[in-house]
Every structure is written in structure tokens, then in C-alpha cells.
Amino acid sequence: MLTDLKGLKVILKTSYNLHQRLSLIIMPETVLQAEGLTKVYKSAERDLIVLDHVSFEVQQGTSVAIIGPSGSGKTTLLGLCAGLDVASSGTVSLMGFKLNAMNEDDRAYLRNQYIGFVFQNFQLLPTLTALENVMVPLELRGERNVTKKAKDLLARVGLAERFSHYPSQLSGGEQQRVAMARAFITSPRILFADEPTGNLDDENATQVTDLLFEMNQQEKTTLVLVTHNLELAEKTQRILQMKGGKLVNERFLAVL
Ligand SMILES: Nc1ncnc2c1ncn2[C@@H]1O[C@H](COP(=O)(O)OP(=O)(O)O)[C@@H](O)[C@H]1O
Ligand SMILES: [Mg+2]
């Protein structure tokens with residue numbers, strides 16, 4: 001797990017306690033733990049509470065869907081869990097690391113090492129080709145000779161003929177498959193996907209969904225998925241339901 005010197009430096013920082021340092025080394029069962037997660041947007045009129053004391057845990061290698069009406073806080077929750085945003089109060093631990101106690105540099109490092117993210121609107125870099133987009137996370141790690149790995153992954157998502165195409169030259173379904181190759185290239189411990197099929201037609205949605213679960217199983221990634229699509233949600237082992245910024249219900253679907 002300890003892949004490089006910077007990783008070791010982050011882990012050995014005195015600001016982390018022994019449990020946190022060990023947790024990265026011994027592969028904890030609980031990959032994600034949110035406790036009392038609250039997000040408030042302040043405005044002139046009144047404070048808007050978009051997440052209200054949300055607590056849940058996700059175990060290594062499992063899959064969870066988060067469903068709920070538009071505006072119920074799903075994207076906000078995912079952003080906080082992935083360290084893309086900071087909570088107003090409450091904590092998020094990823095593999096024992098409390099994200100809110102870390103600075104942005106260390107959070108960025110953890111994201112690059114352990115987290116994959118797939119967005120509803122793909123978020124590919126428009127000035128880079130499909131191949132270059134997939135290579136970015138490994139290049140950020142300072143890895144060299146990443147072209148072959150990126151090409152292999154693009155081939156795996158059915159895009160072997162499209163390496164040199166720019167996002168604007170690709171359909172929505174193709175862009176999302178590039179985004180999945182980019183998310184999986186680092187073999188993340190946990191993959192967050194925010195309505196990954198939300199902008200796709202039925203046929204592309206099915207293709208992206210099948211790939212997501214196939215790659216998830218092959219890589220043994222933990223999957224946290226936000227979706228409006230109940231059919232997609234029911235492919236996961238647990239469904240968490242949100243309403244008005246709160247977790248209101250939980251269903252366990254498959255026997256682990
Ligand atoms: N930067 C922001 N400033 C103010 N309100 C926001 C901001 N981002 C999101 N919200 C509000 O937070 C609520 C939850 O948003 P979101 O997490 O995107 O919900 P969902 O993904 O479930 O549709 C919405 O009412 C939204 O308008
Ligand atoms: Mg959303």
C-alpha cells in the first residue's frame with residue numbers, strides 16, 4: 001500500500017495518531033465513516049441547511065447507492081465524503097484519516113492515491129485527448145510510461161479506436177466511458193459516482209452501468225453511487241435514502 005515516499009511522509013506526520021497511521025497500513029474494514037455531517041450555506045436572508053447530521057459507514061469492497069429527490073443533498077454529501085468540499089460540522093474519515101483535519105494538499109494526495117470520482121457531466125479536460133485525460137491521474141503521481149496502461153483501459157471500455165479524439169468529438173456515452181477509465185486507472189480503494197448515467201440515453205446508461213459494476217468487481221473497489229435510477233440502485237448491496245438533507249431510510253438488498 002505504501003507506494004512512495006510522499007505517502008510515507010503524509011502517514012508519519014505527527015498530526016495523525018497511531019490508529020490513523022496504522023489504518024493505512026493494515027487495510028481497515030471501514031473505508032468511509034461519516035459522523036454528524038452537516039453543511040450550511042449562509043446567505044443574507046437565512047442559513048440554508050443542506051445536510052443535517054448525516055452519519056453512515058461503508059465497508060471495504062461493498063457497494064452502496066444513495067437515492068433521494070433533487071435538492072436533497074446527495075451531491076453535497078458525495079463531495080464531502082470525497083474531500084472535494086469541507087463540512088460545516090461533523091467528520092469524514094477515509095481509511096481512518098479525518099479529512100477535515102487535513103490541509104488541502106494532503107486531501108489532494110489522498111484523493112489521487114485512493115479515490116476515484118465519476119461525475120454526471122463527465123468533467124473531462126476539453127483540451128486533452130481521450131488518452132491524455134485517462135493518463136492525468138497517474139501523471140499527477142509522477143509515474144512514467146503510463147501510456148500503455150491508459151490505452152489498455154480505454155480498450156477495456158470499448159474505445160480503442162478513439163485514443164486521439166477530444167471530448168467534443170465524443171458522444172456523451174463515450175465521454176463517460178473515458179471518465180470511468182480515468183477513475184479506475186489508479187485502482188482506487190473507493191469510487192464515488194454522482195448520477196453517472198444521468199445525462200445518458202437508456203442504451204448508453206446500460207452500457208456504462210454494466211461497465212461500472214464489472215470494473216468495480218474486478219478491481220474490488222468500494223462503490224458509493226448516487227442515482228435517480230432505481231434499477232441501477234438495486235444492483236448495489238445497500239440503498240440509503242435522503243430527504244431534505246437527512247438520511248431517512250436504509251435498505252439492505254444483497255447478502256454480503
Ligand atoms: N454553493 C451553494 N450555495 C447555496 N446552496 C447550495 C450550493 N450548493 C448546493 N446548494 C443547495 O443545496 C441543496 C442540495 O443540493 P445538492 O447536494 O446538489 O442536491 P442533490 O444532488 O440531491 O440534487 C440544494 O437546495 C441546492 O440548491
Ligand atoms: Mg446532485
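This briefing describes the fold of one chain and the surroundings of its ligand.

The model is predicted, so local features need pLDDT of at least 70 and side-chain atom pairs count only at pLDDT 80 or more, while totals for chains, interfaces and linings use all residues. Residues are numbered from 1 along each chain as its sequence is written, and chains are lettered from A and ligands numbered from 1 in the order in which they are written.

**Overall make-up**

- The chain has 9 helices and 10 strands; helices (H or I, at least four residues) and strands (E, at least two) are DSSP runs numbered from the N terminus.
- Of the 256 residues, 39% count as buried. A residue is buried if 20 or more other C-beta atoms lie within 10 Å of its own, exposed if 12 or fewer, and partly exposed in between, with C-beta atoms placed from the backbone.
- Among contacts in the chain with a separation of 6 or more, 69% are between residues 24 or more positions apart. Two residues are in contact if their C-beta atoms, placed from the backbone, lie within 7 Å.

- Strands of a sheet pair through backbone hydrogen bonds, either parallel or antiparallel.
- An open sheet of 4 strands has the order 2-1-4-5, with antiparallel pairing. Strand 2 and strand 5 (97-98) stand at the edges with a single partner strand each, so one side of each has no neighbour in the sheet.
- Strand 1 (residues 30-41) and strand 2 run antiparallel and are joined by 8 bridges; two strands pair if DSSP finds at least two bridges between them. A hairpin links strand 1 to strand 2 through 6 residues, and Val40 stands opposite Ile49 in strand 2.
- Strand 1 also pairs with strand 4 (residues 89-94) in the antiparallel sense, over 5 bridges. Leu32 stands opposite Leu94 in strand 4, and the bridge partner of Glu35 in strand 4 is Thr91.

- Helix 3 lies across strand 1, strand 2 and strand 4, and runs at about 125 degrees to strand 1. Such angles run from 0 to 180 degrees between N-to-C directions, and axes are lines fitted to C-alpha atoms, for helices over the stretch in contact.
- Helix 3 is largely enclosed by the rest of the structure, because 6 of its 8 residues are buried. The buried residues of helix 3 are Lys74, Thr76, Leu77, Leu78, Leu80 and Cys81.
- Gly83 follows helix 3 and has a positive phi, near 75 degrees.
- Val86 is in the loop between helix 3 and strand 4. Val86 has 13 other C-beta atoms within 10 Å and is partly exposed. Val86 and Asn100 are 14 residues apart in sequence, and their C-alpha atoms are 6.6 Å apart in space.

**Around ligand 1**

- The residues around ligand 1 are Tyr41, Leu48, Val50, Gly68, Ser70, Gly71, Ser72, Gly73, Lys74, Thr75 and Thr76. A residue counts as near a molecule if its C-beta atom, placed from the backbone, lies within 6 Å of it.
- Strand 2 (48-59) and helix 3 (74-81) are the elements that give two or more residues to this shell. The largest share, 3 residues, comes from helix 3.
- The shell divides into 3 nonpolar, 7 polar and 1 charged residues. Ala, Val, Leu, Ile, Met, Phe, Trp, Tyr, Cys and Pro count as nonpolar, Asp, Glu, Lys and Arg as charged, and the others, Gly among them, as polar.

- Strand 3 (residues 63-67) pairs with strand 9 in the parallel sense over 4 bridges. Leu240 in strand 9 is the bridge partner of Ile66.
- Leu247 lies in strand 10 (residues 246-252) and is buried, with 22 other C-beta atoms within 10 Å. Not counting residues up to four places away in sequence, Leu247 touches Val54, Phe56, Leu240 and Met242.
- Leu247 and Asp52 are 195 residues apart in sequence, but 8.5 Å apart in space, C-alpha to C-alpha.
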